[in-house]
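Reader: I have a model on my screen and some labels to check. Can we take them one by one, each with its cut-off?

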Amino acid sequence: QVQLVESGGGLVQAGGSLRLSCVMSGGAFREYAMAWFRQTPEKTREFVAVLGWFGANTYYSDAVKGRFIISRDNDKNTVYLQLNTLKPEDTAVYYCAADRDYGGPYFDSPGDYQFDYWGQGTQVTVSS
């Protein structure tokens, strides 16, 4: 059974940076497209970034484009999300997700229904 475990969240001041990690176990990591979503109590789950099978296809939401970077290390079964120039509105629980059926290219934000496996989430809090 595929399991995803996120880490790296925390409290940071506006303008700061964090790096989130998500490790997969129980699956062939390189066969999955990986994505990050986020959710606050007031909002539905929101797409953040996606990275295809071989790291060649990426797509970012407008809210994070130019500030966040998604990457993967297939040898470590890990996907990363580098969060730069953080803003208070980036405060959320961040989830990683895995999709085996489609690996890109991406021309629009994928829906959360496309992803088969989810982590438990890691809290990111940005203070003003």
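Author: Start with the rings. The count comes to 7 aromatic pairs. Rings of Phe, Tyr and Trp (its six-membered ring) pair if their centres lie within 6.5 Å. Planes under 30 degrees apart count as stacked, over 60 as edge-to-face, the rest as tilted.

This is a predicted model: local features need pLDDT of at least 70, side-chain atom pairs count only at pLDDT 80 or more, and totals for chains, interfaces and linings use all residues. Residues are numbered from 1 along each chain as its sequence is written, and side-chain values use heavy atoms, with hydrogens and water left out.

Reader: What makes Phe 37 and Phe 47 an edge-to-face pair?

Author: Their centres are 5.6 Å apart and their planes stand at 75°. The distance is within 6.5 Å and the angle is over 60, so the label is edge-to-face.

Reader: Where in the chain do Phe 37 and Phe 47 sit?

Author: Phe 37 is in strand β4 (residues 33-39), and Phe 47 is in strand β5 (residues 46-51). They are 10 residues apart, and the pair links distant parts of the chain. Strands are DSSP runs of E, at least two residues, numbered from the N terminus; helices are runs of H or I, at least four. Both Phe 37 and Phe 47 are buried.

Reader: What makes Tyr 102 and Tyr 106 an edge-to-face pair?

Author: Here the centres are 5.4 Å apart, with 90° between the planes. That angle is over 60, so Tyr 102 and Tyr 106 are edge-to-face.

Reader: Why is Tyr 106 called buried, and what is Tyr 102 called?

Author: Buried means under 20% relative accessible area, exposed over 50%, partly exposed in between (1.4 Å probe, protein chains only). Tyr 106 has 8%, so it counts as buried. Tyr 102 has 35%, so it is partly exposed.

Reader: Which residues form a ring cluster?

Author: Ring pairs link Phe 37, Phe 47, Tyr 59, Phe 115 and Trp 118.

Reader: How many helices and strands does the protein chain have?

Author: It has 0 helices and 11 strands.

Reader: Why is the protein chain called as compact as a globular protein of its length?

Author: Its radius of gyration, taken over C-alpha atoms, is 13 Å.

Reader: How much of the protein chain is buried?

Author: Buried residues make up 45% of the 128.

Conventions
The radius of gyration is taken over C-alpha atoms; the globule rule is 2.2 Å times the number of residues to the power 0.38.
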